[in-house]
Amino acid sequence: MKMPISGFSKLNKSEKIEWLTKNSFSQNNNIKNILLQYCNSNEKLQKLHDEFAENTISNFYLPFAIAPNFIINKKLYTIPMVTEESSVIAAASKSAKFWLDKGGFNATVLSTKKVGQVHFIYKGDFKKLKKYFDKIKPKLISDVSSITSNMNKRGGGILNIELLNLSDKIENYFQIKAIFDTQDAMGANFINSCLEQFAKTFKNNFTEKNEIEIIMSILSNYVPECIVKAEVSCDVEKLSDTNIIDPFDFANKFVRAVKIAEVDRYRAVTHNKGIMNGIDSVVIATGNDFRAIESAAHAYASKSGSYKSLTKASVENKIFKFSIEIPLALGTVGGLTKLHPLANLALDILGKPNSEDLMKITAVAGLAQNFAAIKSLITTGIQHGHMKMHLINILNQQKATDKEKEKAIEYFKTNTVSHLKVDLFIKKLRSNG
Ligand code: MEV
């Protein structure tokens, strides 16, 4: 019978696994071996990974792949990407190659500001609060000097602090809104530490301190002022390859496909999901926080009030233009970026970029992914490439041998892949001995 447990985190790894074997829904009596086969025999390395989270009992592998041939601002990059989706890397690589002889991608960081908020309730007179805020503001900043001194030396720090009266939205609700520059760090710990100190200073120095009730102090992952733009463009005539029959038809169809994602929410979500296939892969490979990036991107996609495509496409004077504008609060120092050996290696592969360079590279990965998806969708259809990439997963589900895989790959080069067709193919191979 399953039982709740207290003090679980204090058990060692073997004890935790032992407990799990008796207390989960799994009927598998091989749990321990499955978990342990993914643990690294290098004890030091394993310990490092164990300590990234609490209650670690194994490692969860995902492919660490690379997409070569990306020209970004005239520099050639190989982009490390971590994803479980089989077609993502192939799509990125194809897109990079497509744009390679057309000048590649250009990217520019438009802004790098981040926001933090102290949310509080105050039941007194607003004029009194405002007067107090203006007086205490220098102390709010000086009280965090031990937190900000290093960041100031690196050229970052607090850019502004303001008091917001939001009592029209929630009775007696006010906010201290602070703007930060966190340089090459994503900055969550830095911002949150500053905010918690602001809250203490702000409440404790008020004459009637009980009149201020701090609700919470936390950074905002919405970063509409931490924006990067990436773009590609070329003469429409140059948009040709084996899948593009008429470049002008292709360009017009492409622009329409993007327009659809501007007006139709159902399409926009899928369209942006494709962009995030590229973005998240780089974000994960470089040890950044993909949940923060995801929530910011989708909030930004709905900044007009309706959820829209993050990319734009146009044809003007026979020039095809395709671009993305996206918030990306990324770091190249702090967090797991240096601590996780593969994240560190990923940054090395990229030439140790600063956070602005990483913003550019990541935005390009998103744009490239979207280009590849739309190109497939409006020409061959997505399943053609997807199922080809998925073939190996289906073969693995069938426990196909290397020989069987070889034969299947050859056969499906010219035949449409489906689960049923692969099943039948393998059955036929096996029955023929
Ligand atoms: C699949 O992961 C992503 C796509 O659906 C994106 C799109 O439809 O644009 C192919």
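This is a predicted model: local features need pLDDT of at least 70, side-chain atom pairs count only at pLDDT 80 or more; totals for chains, interfaces and linings use all residues.

**Entry 1: the cavity.** I started with where the largest cavity sits. Domain 2 (64-110 + 227-380) and domain 3 (114-219) both give residues to its lining, so the largest cavity lies between them. I then looked up the size, and the largest cavity has a volume of about 70 Å³. With a threshold of 30 Å³ or more, the count comes to one cavity.

Which residues line the largest cavity? I wrote them down: Lys114, Val115, Met186, Ile191, Leu219, Ser220, Asn221, Val223, Ala292, Ile293, Ala296 and Ala329. By class, that lining splits into nine nonpolar, two polar and one charged. β4 (114-122), β7 (212-220) and α10 each supply at least two of the lining residues. The largest share, three residues, comes from α10.

**Entry 2: the largest pocket.** Next I went to the open spaces. The largest pocket has a volume of about 1300 Å³. It is lined by 42 residues, and the closest to its centre are Phe52, Ile284, Gly287, Leu336 and His340. What classes make up this lining? I found 23 nonpolar, 16 polar and three charged residues.

I also checked which helices take part. At least two lining residues come from each of α3 (43-50), α6 (145-153), α7 (188-204), α9 (265-285), α10 (290-301) and α11 (341-349). I'm noting that α10 turns up here and in the cavity lining too.

**Entry 3: the second largest pocket.** This one has a volume of about 760 Å³. Of its 34 lining residues, Ala91, Ala372, Ala373, Ser376 and Ile382 are the closest to the centre. The lining divides into 11 nonpolar, 15 polar and eight charged residues. I listed the helices that each give at least two residues to it: α4 (86-100), α9, α12 and α13 (382-397).

Where does the second largest pocket lie? Domain 2 (64-110 + 227-380) and domain 4 (386-431) both contribute to its lining, so the pocket lies between them.

**Entry 4: the domains.** By now I wanted the whole division on one line. The chain is split into domain 1 (8-50), domain 2 (64-110 + 227-380), domain 3 (114-219) and domain 4 (386-431). I also looked up one distance: the C-alpha centres of domain 1 and domain 4 are 34 Å apart.

**Entry 5: helix α11.** I came back to α11, one of the helices lining the largest pocket. Ala343, Ala346 and Leu347 are buried in it. They cover an arc of only 95 degrees around the axis, which puts them on the same side of α11. What do the buried residues of α11 pack against? My list reads β1 (64-72), β2 (75-82), α9 and α12. Just after α11, I noticed that Gly351 takes a positive phi of about 80 degrees.

**Entry 6: Lys360.** Last stop is a lysine in helix α12 (residues 355-378), namely Lys360. Is Lys360 buried or exposed? Its relative accessible area is 17%, and the cut-off for buried is under 20%, so Lys360 is buried. I then looked up its contacts, leaving aside neighbours within four places in sequence. Lys360 touches Asn73, Ala107, Thr108, Val109 and Val228. The helix that holds Lys360, α12, is also one of those lining the second largest pocket.

Methods
Residues are numbered from 1 along each chain as its sequence is written. Side-chain values use heavy atoms; hydrogens and water are left out. Helices (H or I, at least four residues) and strands (E, at least two) are DSSP runs, numbered from the N terminus. Buried means under 20% relative accessible area, exposed over 50%, partly exposed in between (1.4 Å probe, protein chains only). Contact means heavy atoms within 4.5 Å. On a 1 Å grid over the protein atoms alone, a cavity is a set of points where a 1.4 Å probe fits but cannot get out, and a pocket is an open set with protein on both sides within 12 Å along at least five of seven lines; lining residues have an atom within 4 Å of a point. Grid points are joined across faces, edges and corners, and a volume is the space filled by probe spheres set on the points. Ala, Val, Leu, Ile, Met, Phe, Trp, Tyr, Cys and Pro count as nonpolar, Asp, Glu, Lys and Arg as charged, and the others, Gly among them, as polar. Domain bounds come from an automatic or database domain assignment. The arc is that of the directions from the helix axis to the C-beta atoms.
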